[in-house]
Amino acid sequence: MNTSIIDAHGHDNDHSGDDHHGPAKGIGRWLYSTNHKDIGTMYLIFSLLMFFIGGTMAMVIRSELAIPGLQFVHPEFFNQMTTMHALIMVFGAVMPAFVGLANWMIPLMIGAPDMALPRMNNWSFWILPVAFGILLSTLFMPGGAPAGGWTMYPPLVLQTGDSFPFLIFSVHLMGLSSIMGAINVIVTIINMRAPNMSLLKMPMFVWTWLITAYLLIAVMPVLAGAVTMLLTDQFFGTSFFLAAGGGDPVLFQHIFWFFGHPEVYIMILPAFGVVSEIIPVFARKPLFGHDSMVYAASSIAFLSFIVWAHHMFTVGMPLTGQLFFMFTTMLIAVPTGVKVFNWVATMWRGAMTFETPMLFSLAFVFLFTIGGFSGLMLAIAPADVQYHDTYFVVAHFHYVLVPGSVFAIMGAAYFWLPKWTGHMYNEALGKVHFWTSAVFVNLTFFPMHFLGLAAMPRRIPDYSTQYADFNTVASIGAIGFGLSQLLFVWVLLTSKKGPKATAEVWDQPQGLEWTVPSPAPYHTFETPPSLSEMDSHH
Amino acid sequence: MTEPVSVQFLSVLERLACLSRRAAASQVNNLMTRKLSLSLLGLILAGTANAEWALNMPKGVTDLSLETYNLHMMVFWWCVAIAVVVFGVMIVSLVKHRKSRGVVAATFSHSTTAEVIWTTIPVIILVLMAVPTAETMVKLEDSRDPDLSIVITAYQWKWHYKYQDTDVEFYSSLARESLGARRKQSGIDPFSVENYLRDVDNPMVIPRDAKVRLLFTSNDVIHSWWLPAFAIKKDAIPGIVNEAWFRANEVGIYRGQCAELCGKDHGYMPIVVEVIEPEAYAAWIASHDGER
Amino acid sequence: MSGTANDRYYVPHGSHWPIVGSVGLLFLMVGVSSWLNGADAGFYIMLGGFAVIVFMLVGWFSAVIGESVNGLYNDQVDKSFRQGMFWFIFSEVMFFAAFFGALFYARNMSIPWLGGDSNNFFTNLLLWEGYESTWPSNGPGNIGGDYEVMGPFGLPLINTALLLTSSVTITIAHHALIAGKRAQLSTFLAMTFILGFVFVYLQGVEYVEAYEHLNLKMTSGIYGSTFFMLTGFHGMHVSIGAIMITVIWFRVLKGHFSAGNHFAFEAVAWYWHFVDVVWVGLYVFVYWM
Ligand code: HEA
Ligand code: HEA
Ligand code: CUA
Ligand SMILES: [Cu+2]
């Protein structure tokens with residue numbers, strides 16, 4: 001290693017001393033970090049924090065809804081909770097968690113020394129606390145936090161008080177962060193792979209992230225454009241969403257969902273990747289149909305751009321439009337089915353064991369599929385007229401997002417934690433965490449299907465008495481699920497106390513990340529890994 | 001809003017903490033225990049008529065609402081069937097193919113035949129779903145030649161109904177009984193209010209067996225007029241007029257709610273439609289016409 | 001590129017510029033927001049944030065230039081920069097796509113619908129009776145009052161010529177750079193940014209004309225909205241591009257860049273072409289058709 005080169009650029013080497021062999025000391029390590037592992041860690045911790053804040057808001061929602069009648073909050077505040085809960089969970093918890101995993105694992109999986117653009121990587125992260133600091137501060141502003149739903153439909157959102165511009169700009173910042181993060185992921189994957197790792201040899205997690213990053217670059221700017229138009233409509237008298245001026249409130253919905261639908265796949269594709277990494281390890285069998293998984297994920301990504309108006313079957317679209325969006329939406333079931341079938345085929349005739357990561361992955365396959373089925377039901381336009389904006393939709397998307405994305409994130413955390421910390425976590429507690437989560441998540445969200453079918457609208461703080469029972473069940477489930485997550489934190493906090501992990505951690509896992517010691521050294525693959533290590537994959 | 005948000009938030013936490021203590025002193029108590037003691041199973045086994053409403057989409061009282069219901073059930077059963085197969089295979093695998101049973105993992109990692117099969121079969125199933133759905137959608141759009149047209153304008157937070165070609169028009173908002181009980185900690189048990197939050201002062205009245213065209217628009221933000229029994233949910237958008245139609249086969253009182261978030265009282269703008277016999281309707285119109 | 005670091009991918013070790021950038025963004029966003037909410041102090045906070053961001057950009061780019069000049073970047077790093085720039089430009093394209101989407105939607109959907117097209121017979125009859133859909137339009141509410149359209153000839157046409165010429169001049173400059181003709185390089189580069197700034201100036205003139213004489217404003221319904229949003233964001237990008245080219249020009253004068261190593265030059269050139277292409281789209285769909 002040529003240390004003289006490192007010294008040659010000391011002018012940009014703030015406070016770091018000779019940090020080449022290890023992390024810098026003190027807060028500077030985190031503020032100025034260009035190390036993909038440190039930045040990955042920061043993303044993960046940030047996302048956990050946001051998960052708890054967003055979850056606390058969910059608890060406010062569920063407490064209010066536990067019984068009919070208004071008990072705790074005013075309707076306006078309830079709407080603020082719903083809006084903030086969703087924005088925080090989507091942009092603050094799930095997306096950053098996946099970016100954190102990408103930061104940690106992609107360089108390790110493809111044999112790269114770091115992310116391709118390390119300084120920008122740092123900035124991607126450090127924009128997030130600013131964005132969410134601004135967003136959360138709106139809770140304390142005159143008129144309160146945004147209350148128009150995370151979908152921010154005009155004209156309602158234009159009735160937001162002082163927090164309106166803060167909402168818009170925090171969304172801009174989230175977009176900026178995501179775009180820079182996505183550029184980094186793409187460039188890293190395309191440009192930094194170890195020699196001989198052809199694209200089709202890449203692990204599934206890397207593949208799904210590559211596709212996700214393309215989605216991000218394509219749609220986050222569109223969201224930025226959409227909210228910019230809200231801003232100018234509000235403050236500069238434009239008429240984008242004003243019919244009298246020749247615009248149309250529905251135009252916003254089109255632009256929003258052009259972003260919004262790919263966005264939901266942004267939240268699920270990396271989860272697919274995680275699960276595709278975990279299941280083969282614990283089934284002791286290679287991933288079934290690696291290449292068709294790649295094609296399926298790409299098809300899902302492609303289709304995600306032409307289905308958006310399935311969120312808008314009640315806005316009065318012309319018939320041809322409705323038919324088009326219904327058919328394309330239904331088509332997504334095909335590639336998604338391929339993924340599900342391939343996971344099952346991976347398990348088939350494997351030799352399975354059921355460590356915590358595997359349990360989360362199995363629950364993912366079951367419960368995501370259920371969420372997918374309800375998605376397919378929603379795609380049936382005439383039926384969606386009945387489902388739309390009811391708790392049936394809430395049930396659908398929490399199934400794909402909570403036991404979907406969130407379970408995959410937790411499975412990933414357990415799966416790679418020994419690689420990060422060098423210690424095995426407490427397996428028994430992990431299992432308890434899994435089982436309580438799995439039971440309570442169903443108790444929370446399954447009854448919502450019934451509520452929706454029985455015509456309970458979403459985004460209401462109080463409801464008629466016939467919905468009382470299932471709401472009580474859901475609230476109990478939610479509190480149980482929330483408390484279970486304290487266990488997760490406990491497992492994380494105590495994970496350093498466990499026995500030392502080996503480099504492989506699990507039973508003969510495949511992939512480059514398992515060839516480096518546990519914990520992974522601060523710098524890995526400074527020279528690309530050799531060919532023989534490469535061949536061990538696939 | 002009356003109090004600053006931060007104060008409110010604290011008070012929520014505070015109230016969460018003292019919920020049980022406070023509840024002991026009020027009727028909320030009976031209510032809570034009643035709720036909590038209800039087991040999910042008991043609930044599902046509850047009276048049949050009730051159970052159908054509580055668990056599934058209503059069949060409604062129009063031909064198209066029934067068609068919608070049938071589509072819903074068709075897709076549902078397809079999903080169940082697929083679930084049985086997929087989950088069945090998975091469960092068999094989870095039971096049989098465990099390391100603890102001493103199995104040695106196979107090594108296969110792809111099969112083009114299998115992939116083709118499980119790509120094709122879902123496509124076929126989807127086509128089977130899509131065809132009847134498309135047929136229904138064509139019918140849903142056909143609002144030509146109605147017997148009666150009503151313009152429905154949404155306001156924050158009430159509805160306005162205007163019967164075309166007559167002088168009949170009126171506002172319709174949350175009924176008085178609910179108004180009192182809906183206030184925060186009103187002390188009124190919602191169970192004691194009939195049709196809590198689902199009743200209005202002036203219901204929309206229409207004749208049985210007439211083709212009714214509804215024309216929706218809004219005065220402020222987007223709302224959505226939803227009547228499950230007619231399988232109609234249409235957004236009321238400012239500056240735009242949307243259409244829907246129905247023909248109700250049975251007299252009765254049908255309830256729905258605004259279905260698009262429209263601000264703080266979005267949960268409090270119910271919809272009630274009374275379907276009455278044509279003769280009674282004629283009388284109703286006559287008595288209301290020119291009343292304005 | 002072919003410095004001493006050919007074997008290793010250069011990973012900088014710690015940088016305070018990103019966090020400075022974040023602080024700048026915080027002040028910028030909080031400042032703009034409170035200013036929009038009517039707090040005068042917000043304006044100054046905004047300026048402060050903006051200053052911090054400019055400071056950050058200067059510092060960050062200086063660091064990068066220093067590293068580049070010191071030969072720390074190997075071919076692979078160079079590739080990363082190129083790909084990064086490419087995808088950044090792609091994200092910009094998608095940002096403009098949102099506004100073009102709004103324009104197409106207004107022209108092909110909402111305006112005809114308000115005029116009664118498709119399934120909107122009653123929209124026209126009940127709410128906007130007598131409104132006939134035409135483009136351009138400020139909507140059935142005649143929002144902003146009568147206005148005149150900004151035609152495709154005159155200033156816009158001149159501006160088109162300017163930008164297209166500037167694309168040519170920057171390409172000539174690029175060839176000159178590769179051929180080692182420094183004088184030609186700096187001359188044509190200077191022509192490029194001068195053309196860019198003249199474009200921005202003429203657009204300013206056009207805006208004054210629109211506001212003062214045509215009564216064409218941001219508030220002129222959907223036509224005014226799309227017109228100013230698209231040309232405004234485009235003009236902003238031209239300004240940024242012209243500033244970047246100016247910076248590159250100074251670097252050329254300082255003797256940076258060689259025939260083989262001039263990524264920054266190329267990145268800016270790509271950006272300039274992108275701005276150019278967007279303009280062609282604008283000219284066709286906003287001014288002409
Ligand atoms: C991770 C997030 C995620 C994912 C993956 C999905 C996946 C899908 N979603 Fe979902 N969706 C959301 C998040 C997500 N959704 C959110 C957040 C909303 C609400 C937003 C809001 O309004 O606030 C929403 C709303 C939403 C709507 C609008 C509802 C309404 O408001 O009226 C619709 C309508 O079509 C829909 C459809 C689908 C479909 C068809 C899929 C498909 O991708 C599912 C495909 C999967 C399967 C079908 C299961 C596995 C397949 C097989 C086993 C093969 C065989 C199957 C068959 C042939 C049937 N979703
Ligand atoms: C990734 C996204 C994500 C995630 C993870 C969640 C997680 C949860 N969501 Fe969320 N939700 C959305 C995305 C998400 N949601 C979206 C997009 C909407 C639509 C918003 C809109 O309409 O605009 C929505 C709306 C929504 C509603 C409907 C609100 C309404 O329509 O008015 C409800 C109601 O029950 C709900 C509940 C929950 C619950 C109980 C959880 C739980 O899983 C949360 C569990 C986590 C915790 C509880 C935190 C951890 C634990 C502690 C903090 C310890 C302390 C705990 C206790 C005191 C018990 N969500
Ligand atoms: Cu009106 Cu919701
Ligand atoms: Cu969608």
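Modeller: A helix here is a DSSP run of H or I with at least four residues, and helices are numbered from the N terminus. The model under discussion is predicted.

Colleague: Which helix gives the most to the shell around ligand 1?

Modeller: Four helices of chain A each supply at least two residues of that shell: α8 (249–266), α12 (333–347), α13 (356–379) and α15. The top contribution is 7 residues. The helix that gives these residues is α13(A).

Colleague: Which chains surround ligand 1?

Modeller: There are 31 residues around ligand 1, and A:W150, A:Y265, A:D384, A:H388 and A:H396 come nearest. These five names all carry the letter A, but the site is shared between chains, because residues of two chains surround the ligand. The two are chains A and B.

Colleague: How many residues of the shell around ligand 1 are charged?

Modeller: The shell divides by residue type, with 19 nonpolar and 10 polar residues. Asp, Glu, Lys and Arg count as charged, so A:D384, one of the nearest residues, belongs to that group. The number of charged residues in the shell is 2.

Colleague: What is the distance from a polar side-chain atom of A:H388 to an oxygen atom of ligand 1?

Modeller: Backbone atoms also lie by oxygen atoms of this ligand: a polar one of A:L378 at 3.5 Å, and an N or O atom of A:A379 at 3.3 Å. In A:H388 the polar atom belongs to the side chain. Its distance from an oxygen atom of ligand 1 is 2.7 Å.

Colleague: Is C:T192 buried or exposed?

Modeller: C:T192 lies in helix α6 (residues 182–214) of chain C, and its side chain makes a polar contact with the side chain of C:T169 at 2.8 Å. Beyond its neighbours within four places in sequence, it is in contact with C:S166, C:T169, C:I170, C:I245 and C:W272. Its relative accessible area is 0%, and the limit is under 20%, so C:T192 is buried.

Colleague: Which residue from chain C touches A:M120?

Modeller: A:M120 is found in helix α5 (residues 118–137) of chain A. Its relative accessible area of 18% makes it buried. Leaving out residues up to four places away in sequence, A:M120 touches A:M180, A:I183 and A:N184, and also C:W60.

Colleague: What kind of pair do the rings of C:F227 and C:Y287 form?

Modeller: There are 93 aromatic pairs over all chains. Among them, A:F51 and A:F52 have ring centres 6.1 Å apart and planes at 80 degrees, so they are edge-to-face. The rings of C:F227 and C:Y287 have centres 5.5 Å apart and planes at 80 degrees; planes over 60 degrees apart give the label, so this pair is edge-to-face.

Colleague: How many residues apart in sequence are the parts that C:F227 and C:Y287 tie together?

Modeller: Both C:F227 and C:Y287 are buried. C:F227 lies in helix α7 (residues 221–253) and C:Y287 in helix α8 (residues 263–288), both of chain C, so the pair ties together parts whose separation in sequence is 60 residues.

Colleague: Over the ring of which residue does the charged end of B:K233 sit?

Modeller: Chain B also has B:K211 over the face of B:W245, at 4.3 Å from the ring centre. The charged end of B:K233 is 3.9 Å from the centre of its ring, which belongs to B:W226.

Terms used:
Residues are numbered from 1 along each chain as its sequence is written. Chains are lettered from A and ligands numbered from 1 in the order in which they are written. This is a predicted model: local features need pLDDT of at least 70, side-chain atom pairs count only at pLDDT 80 or more; totals for chains, interfaces and linings use all residues. Side-chain values use heavy atoms; hydrogens and water are left out. Buried means under 20% relative accessible area, exposed over 50%, partly exposed in between (1.4 Å probe, protein chains only). A polar contact is a pair of N or O atoms within 3.5 Å; within protein, one must be able to donate a hydrogen and the other to accept it, and residues adjacent in sequence count only if both atoms are side-chain atoms. Contact means heavy atoms within 4.5 Å. Rings of Phe, Tyr and Trp (its six-membered ring) pair if their centres lie within 6.5 Å; planes under 30 degrees apart count as stacked, over 60 as edge-to-face and the rest as tilted. A charge sits over a ring if NZ of Lys or CZ of Arg is within 6 Å of the ring centre and within 35 degrees of the ring normal. A residue is near a molecule or strand if one of its heavy atoms lies within 4 Å of it.
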